[in-house]
Structures are given as C-alpha cells and as structure tokens.
Amino acid sequence: MGWSPAKDRFLVKKCGCLVSYAGILIVEIIKANMAVIPMIVSANMEPEPVIVRIRTKLQSKTARVLLANSITLTPGTITVALEGDELTIHCLDRSFLDGVVDSSFEKALLKLEEGREKK
C-alpha cells in the first residue's frame, strides 16, 4: 500500500507549509477581490485582458495542478491550460500579470517540494 514511517514524517514536517500555503491563498484572494471590485463597479475603468504563458519550476504534477487551481481561484485570473511545466493564464487586466509571473503560490509550493527531492 506504499505506507512508510518516512512518508508520515515528511507529511508532518510539511504540515506547517500547507497551513502557510492556505494563508497565502486566502490573502491573495482578498487582494485580488480588492483589485477586481473597482473594475466591476466603475463605468470608467476599462480592463485590458491578456493571455500569457509561463513556465513553472515545480517538478511534481500535483504541485503544478495546485498552482493552476490556486491561480484560477484568485479573482481576475484563470488557468486556461496546463501542459507539462507551462501554464496558459488569462488575466482580466494587464496589471494582474505581476502577481502571476512572480507568484507567491509557486514559491510556497517550491518549499513543499524541497523535502521530497532529498529522499
């Protein structure tokens, strides 16, 4: 069944990282909401949509999917495709590119992956 004490120790060690990741996700969702709301309620603000392709440094498929889903959960952005290490992302406005290209999500997921490579 693939169980081992080493796997359990790894999961316990990474529990803090997972909680931290959840906190980052919540903060980013709130920040994105604050950026999208003025676009919705203002008749003067004209969004400038853009589609970008970025490469991720994440190695595991699970981490890549988690990154893609986190981007999609953040208002104003949606992951259109995930092919290998390349994500295609639609941003409601060009200003949202900053948060996508140098993502705090990816940095946190890289920390999660660190221990797995050392095994």
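The model is predicted. Its chain has 119 residues, of which 34% count as buried. Four helices and three strands make up the secondary structure. Along the principal axes, the C-alpha atoms fill a box of roughly 60 × 25 × 25 Å.

**Overall layout**

- Read from the N terminus, the order of elements is α-β-α-β-β-α-α.
- Helix H1 covers residues 5–41.
- Strand E1 covers residues 50–55, and strand E2 covers 77–83.
- Strand E3 takes up residues 86–91.
- Helix H3 spans 97–101, and helix H4 spans residues 104–118.

**The sheet**

- The three strands form an open sheet in the order E1-E3-E2, and their pairing is antiparallel.
- E1 and E2 are the edge strands, each with a single partner strand, so one side of each has no neighbour in the sheet.
- On average, neighbouring strands of this sheet are turned by 25° against each other, with direction ignored.
- In general, the strands of a sheet pair through backbone hydrogen bonds, in a parallel or an antiparallel way.
- E1 and E3 run antiparallel and are joined by six bridges.
- Within this pairing, Ile51 has His90 in E3 as its bridge partner.
- Arg55 stands opposite Glu86 in E3.

**The two faces of strand E1**

- The covered face of E1 carries Val50, Val52 and Ile54.
- Its uncovered face carries Ile51, Arg53 and Arg55.

**Salt bridges around Arg55**

- The whole structure holds five salt bridges.
- In one of its contacts, Arg55 meets Asp85, with the closest N and O atoms 2.8 Å apart.
- This pair links distant parts of the chain, since Asp85 is in the loop between E2 and E3 while Arg55 is in strand E1, 30 residues apart.
- Arg55 also forms a salt bridge with Glu86, where the closest N and O atoms are 3.6 Å apart.
- Here too distant parts of the chain are linked: Glu86 lies in strand E3 and Arg55 in strand E1, 31 residues apart.
- Arg55 is exposed, because its relative accessible area of 57% is over the 50% cut-off.
- Asp85 counts as partly exposed, at 26% relative accessibility.
- Glu86 counts as buried because its relative accessibility is 17%, which is under the 20% limit.

- The side chains of Arg94 and Glu48 meet in a salt bridge, with N to O at 2.9 Å.
- Arg94 is partly exposed, with a relative accessible area of 42%.
- Glu48 is partly exposed as well, and its relative accessible area is 42%.

**The aromatic pair**

- The count of aromatic pairs comes to one.
- In this pair the ring centres of Tyr21 and Phe105 are 5.9 Å apart and the ring planes stand at 55°, so the pair is tilted.
- The reason is that planes count as stacked under 30 degrees and as edge-to-face over 60, so the rest are tilted.
- The pair connects distant parts of the chain, with Tyr21 in helix H1 and Phe105 in helix H4, 84 residues apart.
- Both Tyr21 and Phe105 are buried.

**The nonpolar surface patch**

- Ile26, Ile30, Met34, Ile37, Ile40 and Val41 make a nonpolar surface patch of about 650 Å².
- One of these residues, Val41, lies in helix H1.
- Val41 is exposed, because its relative accessible area is 66% and exposed means over 50%.

Definitions and conventions. Residues numbered from 1 in each chain as written. Predicted model: local features only at pLDDT ≥ 70, side-chain atom pairs only at ≥ 80, totals over all residues. Heavy atoms only, no water. Patch = residues over 30% accessible without salt bridge, like charges linked within 9 Å, V, L, I, M, F, W, Y side chains within 5 Å. Areas by Shrake-Rupley, 256 points an atom, 1.4 Å probe, with all protein chains shown as cover. Salt bridge = Lys/Arg side-chain N within 4 Å of Asp/Glu carboxyl O. Buried < 20%, exposed > 50% of the residue type's maximum accessible area, 1.4 Å probe, protein only. Phe/Tyr/Trp six-rings, centres within 6.5 Å; stacked < 30°, edge-to-face > 60°. Pairing = 2+ DSSP bridges. Axes fitted to C-alpha atoms, helices over the stretch in contact; angles between N-to-C directions.
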